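Okay, everyone, thanks for coming along. Let me put the structure up, and then I'll walk you through a few spots.

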Amino acid sequence: MPSNRNRSRVRPKTKEKFKHAIRDVVDGLSQKVLIYKQSVKSECQNCYFDKMTNRSTGKCTSSSIIEAENKQTALGDGAPIRYKWFKFGRCPICFGKGYLETQRRTWAKCIVSWDPSERGGGNMITYTPAGTEGSTVVRLKCDPKYYDEFKNCEKIVVDGIECKISRPPVLRGLGNQALLIVYAFTTDKPKIDSGEIIKDYT
Ligand SMILES: [Zn+2]
């Protein structure tokens, strides 16, 4: 089919709308939203891991204080403490667990709309997960570069209020002018357990 037909699929009005939306972001109408990413488990490098018991063996991977110090120094200035000499017993880095759990947080600049359904958003109410009536919906618009952060997050904090993402974020817009739209809801009085909500992610 003629290619100019495809081109005209995007109406100028729509283009304008997204230009404005992008400008809003650029103009700094955005505010910071805190994203709690899923915690990451990594094997402790300071002790040997026991695959049989899934715990630390209680043996240090360094053979001396100096070796442990050198390994830590090699990580660079300001790096978290990952090596600390101990003779035997409980590893001072992982406290005997054999692995480290890191809770990662990041900030995303967003345009925040609380309760978008009351602002003429129309069918926005459908974004409320079943069983969570009473919780408030918040809509975020932000740069698409935050897609993975929002998709895989454990929770977010908007205006000091903890929220959960109600469904995977959606990209709206045109090419490099796309915006990421995220819907979340407050978790003050959750009526379904968080496990059910997480299933929604897959
Ligand atoms: Zn350890």
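Let's start with Tyr-99, which counts as partly exposed because its relative accessible area is 22%. On that scale, buried means under 20% relative accessible area, exposed means over 50%, and partly exposed is in between, with a 1.4 Å probe and protein chains only. Tyr-99 sits in strand β5, residues 99–102. Helices here are DSSP runs of H or I with at least four residues, strands are runs of E with at least two, and the numbering goes from the N terminus. Now, Tyr-99 and Gln-45 are 54 residues apart in sequence, while their C-alpha atoms are 8.2 Å apart in space.

Quick housekeeping. This is a predicted model, so to speak of local features we need pLDDT of at least 70, and side-chain atom pairs count only at pLDDT 80 or more, while totals for chains, interfaces and linings use all residues. Residues are numbered from 1 along each chain as its sequence is written, and side-chain values use heavy atoms, with hydrogens and water left out.

Next, the hairpin. Strands β3 (residues 47–50) and β4 (residues 55–60) run antiparallel, joined by three bridges; for strands to pair, DSSP has to find at least two bridges between them.

On to charges. How many salt bridges does the count come to? Three, by the rule that a side-chain nitrogen of Lys or Arg lies within 4 Å of a carboxyl oxygen of Asp or Glu.

One of them is between Glu-149 and Lys-37, with the closest N and O atoms 3.9 Å apart. This pair links distant parts of the chain, 112 residues apart: Glu-149 is in helix α4 (residues 147–151) and Lys-37 is in strand β1 (residues 31–37). Are these two buried or exposed? Glu-149 is partly exposed because its relative accessible area is 22%, whereas Lys-37, at 17%, counts as buried.

Then there's Lys-71 with Glu-67, a salt bridge at 3.5 Å, N to O. They're four residues apart in helix α3 (residues 65–74), so about one helical turn separates them. Lys-71 is partly exposed at 24% relative accessibility, and Glu-67 is partly exposed too, at 27%.

And Lys-155 forms a salt bridge with Glu-162, where the closest N and O atoms are 3.1 Å apart. Lys-155 is partly exposed, at 24%, and Glu-162 is partly exposed, at 37%.

Last stop, the surface: Arg-11, Lys-13, Lys-17 and Arg-172 gather in a patch of positive charge. Patch residues have over 30% relative accessible area and no salt bridge, with like charges joined within 9 Å. Lys-17 belongs to helix α2, residues 12–26, and counts as exposed because its relative accessibility is 61%.

Terms used: Patch = residues over 30% accessible without salt bridge, like charges linked within 9 Å, V, L, I, M, F, W, Y side chains within 5 Å. Areas by Shrake-Rupley, 256 points an atom, 1.4 Å probe, with all protein chains shown as cover. Lys, Arg positive; Asp, Glu negative; His and termini not counted. Charge placed at Lys NZ, Arg CZ, Asp CG, Glu CD.
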